[in-house]
Amino acid sequence: MLLLLGRTVPLSFAQSHYLLASNQNIGTMPERRPFVRLPTDVYPVNYGLSLKPDLIDFTFEGKLEALVEVTQATNQIVMNCADIDIITASFVPQGGEEINATGFNYQNEDEKVTLSFPSALQKGFGTLKIDFVGELNDKMKGFYRSKYTSPTGEIRYAAVTQFEATDARRAFPCWDEPAIKATFDITLIVPKDRVALSNMNVIDRKPHPDDENLVEVKFATTPIMSTYLVAFVIGEYDYVESQSSDGVMVRVYTPVGKAEQGKFALEVATKTLPFYNDYFSVPYPLPKIDLIAIADFAAGAMENWGLVTYRETALLIDPKNSCSSSRQWVALVVGHELAHQWFGNLVTMEWWTHLWLNEGFASWIEYLCVDHCFPEYDIWTQFVSADYTRALDLDALDSSHPIEVNVGHPSEVDEIFDAISYSKGASVIRMLHNYIGDEDFRKGMNAYLLKFQHKNASTEDLWDCLEQASGKPIAAVMGSWTKQMGFPIIAVDQEQVSDDRILKISQKKFCASGPHNEENCPSWMVPISICTSEDPKCTKLKVLLDRQETTITLNSVGPDQWIKINPGTVGFYRIQYSSSMLESLLPGIRDLSLQPVDRLGLQNDLFSLLHKQADMQEEKNRIERVLGAISAPDLIQKVLNFALSVSAPSCGI
Ligand code: BES
Ligand code: ZN
């Protein structure tokens, strides 16, 4: 499970992306299990699914009537199924006689079931009918029970789902792979005093014919979608609601009596939907979206299409007693999950290998969205101080891993939900956005969403669309950042030749453990931007460093001007300035003309370089002087002494 779940502390803004690199115990990792995807001879077109949870004895009854297409005659149907008992199964060919399944062979290890039929199911359409029972488990995955205390102090339970990555199969037998999309017609049979929610709006609600205490709630047909995005919630909730300017009905469901605490998230969601609508130039495709706070929730939040589930601390804001970091966190989480409604839900990754893109993209655009909706938060500074520097620290370790890893068995999916997917993923997409420029980036995104909407796509499909829109070598550039672990340190030296400044730039892998073996030193395609003291907010020159080293001429830069590489701290690398360049930055730091994110990035780079310079007194003094100018000198001295006392003797530069 994403390592967020492994954290022993509750989620908070500051901790949000402070995850561990996933394979730090790589030496003890279990052997990879052999894995084959589901056969494609029978696949679903529509799931008619009816579920009747029992909130007293924690079981549920289910009825599936799935319209399927048989593409090749077979007498077996293989589906995913876990912790479910099938009572009966049959197949009704269109216009033909019902064929009862004669065997259900559970492959528990693989979470699959094979239904055997006495005669071959012929090519064409038919209805697969399965009656089954399952447990409302207490594992916070699949269809599970969530405990809460009613306003009168009574202990009660809600029934909730969490299907990502591969737990829809615990709620109903299904083809539980992201590329096997189908539509869903969901009916929930629930106590009449409970709220019942699913991905779509309610289209019918009627008393259950056999039990006057129950109602049957029928939801509208979903668009074609992956199983991991299906959701249902049955419980007691209050809500606040509003319509976004683009006509979507938004509700925030809270524990009973706490509707007030949903108002902030409602404001965020109603601002966020039109932002994405406009940014992607594709409307939100469902008539409603519900955001709901769940008492027992393993992740921070989950982007189920039209019914987003949240941990209470990621959605609720007490208007009287909350700090701005809690509001910022809620805004970011809402921004993240709503971005998935397009990027992930409308266009879905073909396989879990591309999960990093799903999460990395959402983890970047959540900031873009919050910056748009709440410019007063100055949220990008938080990105640099939280995600970006965290990703650099982790990715400099020998135990890091490439962002893109091949996922075979679904059990490997959980291993890749880590800070490298989220924070490095978000950081390299931020670098890419800056390299392409917003206009072409949006053009490429729009082309990607339109081309693959209601379908599946891979990382390369996005690079292709961005490449088309920008005319830049996106696949080659991005491949160098996603397929190999780590990042470079860029060494820069300068020379003044009359009115021009000549910069010598070179790259080397940055390792926290010691100098990288020069022979096989990897290299990156590094988008580099440069600004000068003439206008510290404006990039004077952009280059793509596609080799080990290069020389750049900056025209009309007088000897009194300073040069800053990586303005905005958007490039995913560290900078090592020559002594003279570093010293020349001091005035920009002192008069604050260097922006906060630039000072932050500079400070972070210098800290990491100090290890190396510990034995070079003069260089160390110079770095300390610059660091001292950025932060309060007393504080910096204390931190430096501490850092030097515990640091390893060298750092690979
Ligand atoms: N899709 C994830 C949640 C998820 C991932 C659930 C893997 C189960 C397995 C969701 O979009 C997400 O990333 N949630 C984050 C919060 C986000 C703001 C970083 C989380 O749960 O921490
Ligand atoms: Zn996400």
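How are helix 1 and helix 6 oriented to each other? I will come to that pair in a moment, after a word on what we are looking at. This is a predicted model, in which local features need pLDDT of at least 70 and side-chain atom pairs count only at pLDDT 80 or more, while totals for chains, interfaces and linings use all residues. Residues are numbered from 1 along each chain as its sequence is written, chains are lettered from A and ligands numbered from 1 in the order in which they are written, and side-chain values use heavy atoms, with hydrogens and water left out.

Back to the opening question, then: helix 1 and helix 6 are roughly perpendicular to each other, a label that covers angles of 65 to 115 degrees, where under 35 counts as roughly parallel, over 145 as roughly antiparallel and the rest as oblique. Helices here are DSSP runs of H or I with at least four residues, strands are runs of E with at least two, and both are numbered from the N terminus. The axes of helix 1 (residues 263–280) and helix 6 come within 8 Å and cross at roughly 90°; such axes are lines fitted to C-alpha atoms, for helices over the stretch in contact, with angles running from 0 to 180 degrees between N-to-C directions.

On the helix 5 side the contact is made by Ile 429, Leu 432, His 433 and Ile 436, and on the helix 6 side by Asp 438, Asp 440 and Phe 441.

Let me turn to the metal. The zinc ion (ligand 2) is coordinated by His 336 (NE2), His 340 (NE2) and Glu 359 (OE), at 1.8 to 2.1 Å; donors are N, O and S atoms within 2.8 Å of the metal (3.2 Å for Na, K and Ca), and because water is not among the atoms, sites may look incomplete. In sequence the donor residues follow the spacing H-x3-H-x18-E. His 336 sits in helix 2 (residues 324–340) and Glu 359 in helix 3 (residues 355–373), 23 residues apart. Both His 336 and Glu 359 are buried, that is, under 20% relative accessible area, with exposed meaning over 50% and partly exposed in between (1.4 Å probe, protein chains only).

Asn 358 lies in helix 3 as well and, at 3% relative accessibility, counts as buried.

Seven of the nine residues of helix 8 (residues 474–482) are buried, including Ile 474, Val 477 and Trp 481.

Finally, the cysteines. Taking a disulfide as a pair of cysteine sulfur atoms within 2.5 Å, the count comes to zero. For Cys 531 the nearest cysteine sulfur, that of Cys 538, is 8.4 Å away. Cys 531 is buried, at 0% relative accessible area, whereas Cys 538 is partly exposed, at 39%.

Note on methods. Contact means heavy atoms within 4.5 Å.
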